[in-house]
Amino acid sequence: NDFAYVTNEEDSGVRIYDISGLPNHSLISYQNYMGELGQEFTKAHNLFIDSNGIAYIVGTNRGQDMILYDLKTDPWQPKEVGAFNNNYIHDIYVRDDTAYASAISDGVIQVLDVTNKEAIEIISSHKTGYSQTHNSWLSDDGNYLFTTDEIDGAPIEVFDVSDKFDPEKVETYQVRQFGDEMAHNVFFKDSFLFVSYYKTGLVVVDCSEPDVLVESSIFDTDKSSDGGGAGGAWGVYPYLNSGNILVSDINNGLYVLDYNP
């Protein structure tokens, strides 16, 4: 609605922006929110807001807590409604009452039951191929989960999660077989994967058949570098109503791409 939430790994907790004046007014009020008294944190890696207005703040320095806030009741002063501190979670995707947590230090995807926000339970836990589980995204039908490992040469992996208790790996994709290129984040939209593939750039993969991934398009945002390691395209956003794709490049800034699949 009228608020934006931003994490960082230095200080100040979550920054909350009131963006209700956009696009007519360029002055945006904000505050740094570090939690309720006695439950503060100052750093976080990322966050995910689900369709019920619950924010999942992951990679915090309050121990290793994932902290849950209700944004609907009071988006400016959100109330904590739960926490999970079983292990460090680097990134998370949530739909309905199920969360898919990327536990990068443990090298696993954890399927979590988040029905009871005060007592989150692990449904199942599964190793990804290179044990550096970085992020995941769910297909629209909820049957397939796509994962990245943030390490040189690791592929995109596809898990059939129709049985949450026993997911099965069904396919992998990497931009160059036996190469050392590193994928950062993967997102799903309209039967395509949009991958910020670091030095390779934006990579688009057709996953209309999730067990047979087919490369569709590549746009290299930093032609001065290639191969392994971080650099180049590390963020992609494919969900604009215009159909345009936003790519953030570490070295070269923002790209706005027109895409016709």
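The lining of the largest cavity is formed by Tyr-5, Val-14, Ile-16, Tyr-33, Leu-47, Ala-55, Ile-57, Tyr-69, Leu-71 and Pro-78. The structure is a predicted model, and the space in this largest cavity comes to about 60 Å³. At least two lining residues come from each of strand E2 (14–18) and strand E5 (54–58). In terms of residue class, the lining of the largest cavity comprises ten nonpolar residues, with no polar and no charged ones.

The count of cavities of 30 Å³ or more is two. The second largest cavity has a volume of about 30 Å³, and its lining consists of Ile-109, Val-111, His-126, Leu-145, Thr-147, Phe-159, Val-161 and Pro-167. Here strand E10 (108–113) and strand E13 (144–149) each contribute at least two lining residues. The lining of the second largest cavity contains six nonpolar and two polar residues, and no charged ones.

Attention now turns to Glu-181, which is located in the loop between strand E15 (168–173) and strand E16 (185–189). Is Glu-181 buried or exposed? Its relative accessibility is 10%; buried means under 20%, and Glu-181 therefore counts as buried. The side chain of Glu-181 makes a polar contact of 2.9 Å with the side chain of Arg-176. When residues up to four places away in sequence are left out, Glu-181 touches Asp-152, Gly-153, Ala-154, Val-175, Arg-176, Tyr-197, Thr-200, Gly-227 and Gly-228.

Note on methods:
Residues numbered from 1 in each chain as written. Predicted model: local features only at pLDDT ≥ 70, side-chain atom pairs only at ≥ 80, totals over all residues. Heavy atoms only, no water. 1 Å grid on protein atoms, 1.4 Å probe; cavity = no way out; pocket = protein on both sides within 12 Å on 5 of 7 lines; lining within 4 Å. Points joined across faces, edges and corners; volume = space filled by probe spheres on them. Helix = DSSP H or I, 4+ residues; strand = E, 2+ residues; numbered from the N terminus. Nonpolar A, V, L, I, M, F, W, Y, C, P; charged D, E, K, R; others polar. Buried < 20%, exposed > 50% of the residue type's maximum accessible area, 1.4 Å probe, protein only. Polar contact = N/O pair within 3.5 Å; in protein donor to acceptor, adjacent residues only side chain to side chain. Contact = heavy atoms within 4.5 Å.
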